Amino acid sequence: MNARTFLVSLAWLAALPAHAAAPVQQIQATLAKPAVMCGRFDQTKQLTGIKKPLQAQGRFCVLKGRGILWQTLQPFPSTLRITREAIVQIQDGRVAMKLDAQQEPVVKMINSVLFSLLAGDLSQLDTLFELDGSLREGHWQVALKARQPALAKAIGDISLAGAGYVEKVDMKEASGDRTEIRFSAVKTGEGAMTADEGALFD
């Protein structure tokens with residue numbers, strides 16, 4: 001997974017708590033907001049014109065106020081780290097690619113959305129997405145459509161589902177490609193992140 005693909009595959013974070021006008025507050029209240037959250041992801045990407053989908057699995061960590069770590073383990077190892085300043089791709093312990101938020105307008109927009117999420121700032125998210133969500137017995141579903149062409153081109157349309165945490169993400173890009181991400185084995189607190197993962201934020 002390269003750094004630009006990461007803009008799409010982490011779109012679930014960009015939108016997580018900003019849902020339709022009526023249930024926004026109720027859905028937000030059901031979502032856990034831990035300082036540290038890690039878990040497993042399984043991703044399937046269906047490319048237009050190609051029958052066999054691309055599959056990947058790995059591990060993610062969210063460190064509130066500092067950034068996000070997205071580690072692909074299969075089919076090949078790759079690590080991405082996002083902060084307010086940049087998205088960095090790390091391979092074999094070295095920086096393979098860096099997208100600077102000051103130089104890449106879309107990166108800056110994505111970063112703004114991600115950190116608005118972590119700060120609980122729904123107003124920023126609501127200005128970027130048209131929202132349609134529902135909440136029933138603690139489980140919620142949300143559809144998001146980007147208002148701005150640049151964001152729509154980078155992310156496309158998104159649908160989310162979950163309870164205390166996001167569990168399922170489906171994305172349809174402007175090209176027609178589709179991405180499905182499932183999150184599981186979520187852990188929170190100090191023990192959720194390994195020492196090696198924490199070192200990537202130092």
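# Note on sheet, charges and aromatic rings

1. Asp170 is partly exposed, with a relative accessible area of 23%. Lys168 falls into this class too, at 34%. (Buried is under 20% relative accessible area, exposed is over 50%, and partly exposed lies in between, with a 1.4 Å probe and protein chains only.) The two side chains meet in a salt bridge, with N to O at 3.9 Å. (A salt bridge puts a side-chain nitrogen of Lys or Arg within 4 Å of a carboxyl oxygen of Asp or Glu.) Salt bridges with shared partners join Lys168, Asp170, Glu180 and Arg182 into one network.

2. Basis of the note. The model is predicted: local features need pLDDT of at least 70, side-chain atom pairs count only at pLDDT 80 or more, and totals for chains, interfaces and linings use all residues. Residues are numbered from 1 along each chain as its sequence is written, and side-chain values use heavy atoms, leaving out hydrogens and water.

3. The sheet. It is open and has 11 strands, in the order E6-E5-E4-E3-E2-E1-E11-E10-E9-E8-E7. The pairing is antiparallel. (Strands pair if DSSP finds at least two bridges between them; helices, H or I with at least four residues, and strands, E with at least two, are DSSP runs numbered from the N terminus.)

4. Which residue of E8 is the bridge partner of Asp132? That partner is Ala143. E7 and E8 (residues 139–146) pair in the antiparallel sense over 8 bridges.

5. Strand E2. Of its 10 residues, 7 are buried, so E2 is largely enclosed by the rest of the structure. E1 and E2 run antiparallel, joined by 10 bridges. Here Lys45 stands opposite Leu54. On to E3: 7 bridges join E2 to E3, again antiparallel. Arg59 faces Gln71 of E3 in this pairing. The hairpin of E2 and E3 has 3 residues between the strands, and Gly65 takes a positive phi near 80 degrees.

6. Aromatic pairs. Rings of Phe, Tyr and Trp (its six-membered ring) pair if their centres lie within 6.5 Å; planes under 30 degrees apart are stacked, over 60 edge-to-face, the rest tilted. That rule gives 4 aromatic pairs. Phe41 and Trp70 have ring centres 4.0 Å apart and planes at 15 degrees, so this pair is stacked. The pair links distant parts of the chain: Phe41 sits in E1 (residues 36–46), Trp70 in E3 (residues 67–74), 29 residues apart. Phe41 and Trp70 are both buried.

7. How are the rings of Trp70 and Phe183 placed? Their centres are 6.2 Å apart and their planes stand at 75 degrees, so the pair is edge-to-face. Trp70 in E3 and Phe183 in E11 (residues 178–188) are 113 residues apart, another link between distant parts of the chain. Trp70 and Phe183 are buried. Phe41, Phe60, Trp70 and Phe183 make up one aromatic cluster.

8. Salt bridges across the chain. The structure holds 6 salt bridges. Glu173 and Lys45 form one of them, at 2.4 Å from N to O. Glu173 lies in the loop between E10 (166–172) and E11, Lys45 in E1, 128 residues apart. Both Glu173 and Lys45 are buried.

9. Glu197 and Arg59 form a salt bridge too, with the closest N and O atoms 2.5 Å apart. Glu197 is in helix H7 (residues 195–199) and Arg59 in E2 (residues 54–63), so the pair ties together parts 138 residues apart in sequence. Glu197 is buried at 4% relative accessibility. Arg59 is partly exposed at 24%.

10. What does the side chain of Asp177 contact? It makes a polar contact with the side chain of Ser175, at 3.3 Å. (Polar contacts are N or O pairs within 3.5 Å; within protein, one atom must be able to donate a hydrogen and the other to accept it, and residues adjacent in sequence count only if both atoms are side-chain atoms.) Asp177 is in the loop between E10 and E11. Asp177 is buried yet has no salt bridge.

11. Gln89 belongs to E5 (residues 86–91). Its relative accessibility is 7%, so Gln89 counts as buried. Its side chain makes a polar contact with that of Ser78, at 3.3 Å.

Note on methods: Lys, Arg positive; Asp, Glu negative; His and termini not counted.
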